[in-house]
Amino acid sequence: MTELTKRSLFNQQALALMPLCIALNIALGGVVHFLKLPIYLDATGTILATLLLGLPAGVIVGVASFLLASLVISPVYVFFVGTQAAIAIYIYLVARYLHGLLSTPRAIATGIGLGVLAGVVSAPIIVLVFGGVSGSGRDLVTALIASSGQQILNAVMLSGAASEPIDKTLQVLIAFSLLRGSPKGLLERFRNPWLVGNGFLKAPG
Amino acid sequence: MLFWIGLLLLLYLVGILSLHLHFLLFVWVPLCLGLLLVWGVAIPAGNSAGFGLGSAEAYRTALIALRIGAFAALLQLCFVPLLHRSELVVTLTAWGLRGSALVLAVASMTLIDDLRYRVDQVMSARIARGLAARNTLSRVLQLPAMLRPLLVFVLTSAVRRSELWTHRGLERRLAQIPVENGFGSRSVSVLILAGAIAWLAASLLL
């Protein structure tokens, strides 16, 4: 074992993959922005890093990619680093203990759950920092709910729970199909119990 | 407002005003429109006080919009100029990053452009083969086809890069980077940073 990996939590392969997942988060976000799609795709790298490398790597990739995105894309990203950490924790727990990516229906259920979680976790930040708005089409839903007399926090939480599952389900499905279609020889290099448990790799023997 | 205008002047002098204007156009303006929609139309309607932006709501929305704009300008002014590729390692080392954290930070910064270039390559190749057109709908439909080669590139690149780092003795090279002692102690620096973050949080949230 080298001196670097002795002192580090990660081996060099993980250390080489993590920046690529961070860049993937930012590059995909950029592509989506360029294509003007009504989705974000800014957590795909976080989901992939969590599935391939585990929880600490997933949290670091999520937090670091949003810190970096706040400098190269938009400063508002910095407020949502907690949401990225929550995404990594959720994906790790669901993949490891519930095998939530074993089949397409399970992946869809995992994505819906992730969307609700992301909506609820980011709602207090949206209310406290941004006055309850996100600068997207989601504000129409928030306005509609608020006009019915709901508190602003409830309106943001409900609009998040309604709109985030679509985006997050898509992201989970993308990560799921990418890992399913990846060369097994490459995935073998990142072998871990939850990749086997979710059917991305065959169990040894 | 004056604080923000001052920041805009400094951003112009540093040469990153266009980055801030991009933020204003694509993020800040939609946020302001959202604030007007929610606080000017929806909430007065929900409170049965009629439509329109009352003075309290107008003050609140203006305050939120101004502090988001000022915060964004401050963040860009403080950090973006430090992240030029030629000074990246020196800057991050001065911030106290060492070992794997330094590798992670530098690699992330430099790989963003590589990956964007790769995305462009894949898209251009598909357009050249006649598999995609240049219109938006066609590009949307190409997204799934584009992601697979991108992931394979990411995985193979990670494997190659880790082997390269081992062969080139990355840890030895990192250990050779001189550690410059700045003024003051580490605990004082941490206290100053914690105070600044607390002040910023209070300004944004209270």
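**Notes on a predicted two-chain model**

1. Let's start with B:W4, which is partly exposed because 16 other C-beta atoms lie within 10 Å, a count between the 12 or fewer of an exposed residue and the 20 or more of a buried one. Please keep in mind that this is a predicted model.

2. B:W4 sits in helix 1 of chain B, residues 2–14. Leaving aside residues up to four places away in sequence, B:W4 touches B:L66, B:G69, B:A70 and B:A73. B:V159, in contrast, is 155 residues from B:W4 in sequence and 46 Å away in space, C-alpha to C-alpha.

3. The largest nonpolar core holds 75 residues, and A:L17, A:M18, A:C21, A:A23, A:L51, A:I91 and A:A175 have the most contacts inside it. Both chains take part: among the helices that each supply at least two residues of this core are helix 3 (44–53) and helix 8 (152–181) of chain A, and helix 5 (99–128) and helix 6 (136–167) of chain B. Helix 2 of chain A gives the largest share, 13 residues.

4. A:I91 is worth a look here: not counting residues up to four places away in sequence, its contacts are A:I47, A:T50, A:L51 and A:G58. There is also a second, separate core of 26 residues, including A:F130, A:A143, A:I152 and B:A72.

5. Finally, do check A:H99, which has a positive phi of about 50° without being a glycine. Most residues other than glycine have a negative phi. A:H99 lies in the loop between helix 5 (81–97) and helix 6 (104–130) of chain A, and it counts as partly exposed because it has 16 C-beta neighbours inside 10 Å.

Definitions and conventions: Residues numbered from 1 in each chain as written. Chains lettered and ligands numbered in written order. Predicted model: local features only at pLDDT ≥ 70, side-chain atom pairs only at ≥ 80, totals over all residues. Helix = DSSP H or I, 4+ residues; strand = E, 2+ residues; numbered from the N terminus. Core = buried A, V, L, I, M, F, W, Y, C linked by C-beta atoms within 7 Å. Contact = placed C-beta atoms within 7 Å.
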